[in-house]
Amino acid sequence: QEKKTPKRTRSSPELSAQQTKIKREELQKSQHEVKKKMDFDELKKIFSDVIEEKELATKKDLKEIISQIVELKEENHKLKLEIMKIKTDNEAKGKRLEILENHIRANNLIFRGVDDNEDDINRFCKEVLEVDVDGKVEEIVTLGKDIKGKKPVKVVFKSKGTVRNILTNSKKLKGTGFTVDRDYTWFARNRRRHLLWIRRCIINRNQNVRCYVRGDILLVEGKEYGWIEEKGIVCKDSKDEDDLKKLLGEE
């Protein structure tokens, strides 16, 4: 009996076409993925080359820059504190130095308008100021530039009492062209210069206001004002500051 050879099954045309399409799509997808990966790698390399060529900052570079900025800010803050401390120390030293200078200059007076010899100084004090200084003068020093043909004269007296008596009677010199002042330090002279200018401004606007400079203090209607280089005119009460602004026309 003959064995029958089984017939080979045939795939349907629709199934074969579908399988071919699927394989083709899988192949295209695989090729696309490969191309996509290649494109990404190429772009990454190109971008890396551009960064290196143009010396652009990377994320790591930015982190380092930010870290350096933070360090610089901290260092800057420390430097500011150190500068403030140095400034405060210098101000304190300056005040101590000025106190010492004032002590050294306590027996000195600056005469303007008189001749620079002891006889004329003695005569001027006795006849004009009504203070006898004969034998009480220790030293006479000519200073600075001529004022109306005569230079300022520094007179060093032997006692503070003589200085006080002369200053008390110096009001007799008002309107005469002669002046007698203390031998102020540079700091005090600078403060007085500003305060005297403010006094002139006040007097020009308000001639009936009692206003004068005593030492390095401006007195306006009994209220005291000082001068600090960094701040300008200063006072104890803000209301006094408002009053001064009104007198100066700064409302």
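## A negative surface patch

Glu-118, Asp-119, Asp-132 and Asp-134 gather on the surface in a patch of negative charge. This is a predicted model: local features need pLDDT of at least 70, side-chain atom pairs count only at pLDDT 80 or more, and totals for chains, interfaces and linings use all residues. Residues are numbered from 1 along each chain as its sequence is written, and side-chain values use heavy atoms, with hydrogens and water left out.

Patch residues have over 30% relative accessible area and no salt bridge; like charges are joined within 9 Å, and nonpolar side chains (Val, Leu, Ile, Met, Phe, Trp, Tyr) within 5 Å. Accessible areas come from the Shrake-Rupley method with a 1.4 Å probe, and for residues only the protein chains shown count as cover. Asp and Glu count as negative, Lys and Arg as positive; His and the chain ends are not counted. A charge is placed at NZ of Lys, CZ of Arg, CG of Asp or CD of Glu.

Asp-119 lies in helix H3, residues 118–127. Helices (H or I, at least four residues) and strands (E, at least two) are DSSP runs, numbered from the N terminus. Asp-119 is exposed, with a relative accessible area of 54%. Exposed means over 50% relative accessible area, buried under 20%, and partly exposed in between (1.4 Å probe, protein chains only).

Ile-121, Asn-122, Phe-124 and Cys-125 are the buried residues named in H3. They cover an arc of only 165° around the axis, so they sit on the same side of H3. The arc is that of the directions from the helix axis to the C-beta atoms. On the other side of H3, Asp-119, Lys-126 and Glu-127 are exposed.

## A nonpolar surface patch

Leu-97, Leu-100, Ile-104, Trp-186 and Phe-187 make a nonpolar surface patch of about 530 Å². Helix H2 (59–104) and helix H5 (186–205) are the elements that give two or more residues to the patch. H2 supplies the largest share, three residues.

Ile-104 belongs to H2. Its relative accessible area is 59%, so Ile-104 is exposed.

## Salt bridges across the chain

The structure holds 10 salt bridges. Each is a side-chain nitrogen of Lys or Arg within 4 Å of a carboxyl oxygen of Asp or Glu. Side chains of opposite charge can pair when their charged atoms come close. Arg-105 lies in the loop between H2 and strand S1 (108–112), and Asp-183 in the loop between strand S4 (179–182) and H5, so the pair ties together parts 78 residues apart in sequence. Arg-105 is partly exposed at 21% relative accessible area. Asp-183 is buried, at 11%.

Asp-181 and Arg-112 also meet in a salt bridge (3.6 Å, N to O). Asp-181 is in strand S4 and Arg-112 in strand S1, 69 residues apart, so this pair links distant parts of the chain. Asp-181 is partly exposed, with a relative accessible area of 27%. Arg-112 is partly exposed too, at 30%.

Lys-223 forms a salt bridge with Asp-243; their closest N and O atoms are 2.4 Å apart. Lys-223 is in strand S7 (residues 223–228) and Asp-243 in helix H6 (residues 238–247), a link between distant parts 20 residues apart. Lys-223 is partly exposed, with a relative accessible area of 26%.
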